[in-house]
Amino acid sequence: MVEPLPLVRDVLDKQIYDANDVRVGKVDGVVLLPRQGRPPRVLAIEISMPTAWRRVSTRLGDWIERLQQRLAPDLAGPTRIRFEHVVHTGIDVNVDIDGTKTNAYVWENWIKKTFVEKLPGGKGSGEKGE
Amino acid sequence: MAKRANELRVEQLLGRRVRDAAGTVVGRLEELRARRNGDAWEVTEFDLGRTALLERLAIRHFGWVPGNRPAGYRARWDQIDISDPAHPRLTVPLEELSVMRRR
């Protein structure tokens, strides 16, 4: 019988690599769906700054979420990858989807456009996901 | 993928003290183990206590754990009520949980 997968040891906080072996982010959260009379379903892994900070302090996580909504309301929202897309776990988590097709890089690109490109020499490296 | 109201999170449960029906602390919830069922993954077991923590941290402890009582339990998904993630409770007497094998 196949050994069960330890979600905390082998999934939470691990680096995610997409189908092209590119880093997407770290697993900040694992989402479960409790069901009546059946085992809770593992829905998705989540990449999200508020989710990560909520583990330190709920108030801090909520504050980060509000800050994100204030800075760029159209970008706010966690990146979720359905657990069915996870193909390997352990030291890293591999998923069978293209990271650029998710919203995992939106904040990185927002920081680049808003701040980094305005610095001398900050232009020309291209966007992730392009 | 949209958020659903009744979702809960592994990190919400992690480290929570699990109590039995009498309110006695059995141990902290240290690991959730999932199995594939068709296309879906389901949480089938919860690991509690110090042995579970050492296992999670991948520390080989050669059976040594401080104290005399069993230091880790493995519970089936239906043996713990997680409807209130901040206060998980056993749904069965402690004796029905399996004691974690020491390594």
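Is B:Glu45 buried or exposed? I began with this residue in the predicted model, and I noted that B:Glu45 counts as buried because its relative accessibility is 16%, where the cut-off for buried is under 20%. I placed B:Glu45 in strand 4 of chain B, which covers residues 40-49. I then looked up what B:Glu45 touches beyond its neighbours within four places in sequence, and the list holds A:Pro4 from chain A together with B:Glu31, B:Leu32, B:Arg33, B:Arg35, B:Arg74, B:Ala75 and B:Trp77.

**Entry on B:Arg74**

B:Arg74 belongs to strand 5 (residues 72-76) of chain B and B:Asp47 to strand 4 of chain B, so the pair ties together parts that are 27 residues apart in sequence. I recorded B:Arg74 as partly exposed at 24% relative accessibility, whereas B:Asp47 counts as buried at 3%.

**Entry on the contact between the chains**

I next turned to the contact between chain A and chain B, which takes 35 residues from chain A and 29 residues from chain B. The two chains bury about 3,000 Å² between them, and 62% of that area is on carbon and sulfur atoms. For the polar side I noted 14 residue pairs in polar contact between chain A and chain B, both residues being at pLDDT 80 or more. On chain A, the side that touches chain B draws at least two residues from each of strand 1 (5-6), helix 1 (7-10), strand 4 (29-35), strand 5 (38-47) and strand 6 (79-82), and the largest share, 8 residues, comes from strand 5 of chain A.

**Entry on A:Leu43**

In strand 5 of chain A I picked out A:Leu43, which is buried with a relative accessible area of 1%. The C-alpha atoms of A:Leu43 and A:Ile81 are separated by 8.6 Å, although the two residues are 38 residues apart along the chain.

**Entry on the helices of chain A**

Which residues make the nonpolar surface patch of about 660 Å²? I listed A:Met49, A:Trp53, A:Val56, A:Leu60, A:Trp63, A:Leu67 and A:Leu71. Helix 2 (49-54) and helix 3 (58-71) of chain A each supply at least two residues of this patch, and helix 3 gives the largest share, with 4 residues. A:Met49 is found in helix 2 of chain A and is partly exposed, with a relative accessible area of 44%.

I also found a salt bridge between the side chains of A:Arg54 and A:Glu65, at 2.4 Å from N to O. A:Arg54 lies in helix 2 of chain A and A:Glu65 in helix 3 of chain A, so this pair ties together parts that are 11 residues apart in sequence. A:Arg54 counts as partly exposed at 26% relative accessibility, and A:Glu65 counts as partly exposed at 23%.

Last, I checked helix 4 (residues 106-114) of chain A, where A:Trp107, A:Asn109, A:Trp110 and A:Lys112 are buried; what covers the buried residues of helix 4 includes helix 3 of chain A.

Key: Residues are numbered from 1 along each chain as its sequence is written. Chains are lettered from A and ligands numbered from 1 in the order in which they are written. This is a predicted model: local features need pLDDT of at least 70, side-chain atom pairs count only at pLDDT 80 or more; totals for chains, interfaces and linings use all residues. Side-chain values use heavy atoms; hydrogens and water are left out. Patches are made of residues with over 30% relative accessible area and no salt bridge: like charges are joined within 9 Å, nonpolar side chains (Val, Leu, Ile, Met, Phe, Trp, Tyr) within 5 Å. Accessible areas come from the Shrake-Rupley method with a 1.4 Å probe; for residues, only the protein chains shown count as cover. A salt bridge is a side-chain nitrogen of Lys or Arg within 4 Å of a carboxyl oxygen of Asp or Glu. Buried means under 20% relative accessible area, exposed over 50%, partly exposed in between (1.4 Å probe, protein chains only). Contact means heavy atoms within 4.5 Å. Buried area is the accessible area (1.4 Å probe) that two parts lose on being put together, summed over both. A polar contact is a pair of N or O atoms within 3.5 Å; within protein, one must be able to donate a hydrogen and the other to accept it, and residues adjacent in sequence count only if both atoms are side-chain atoms.
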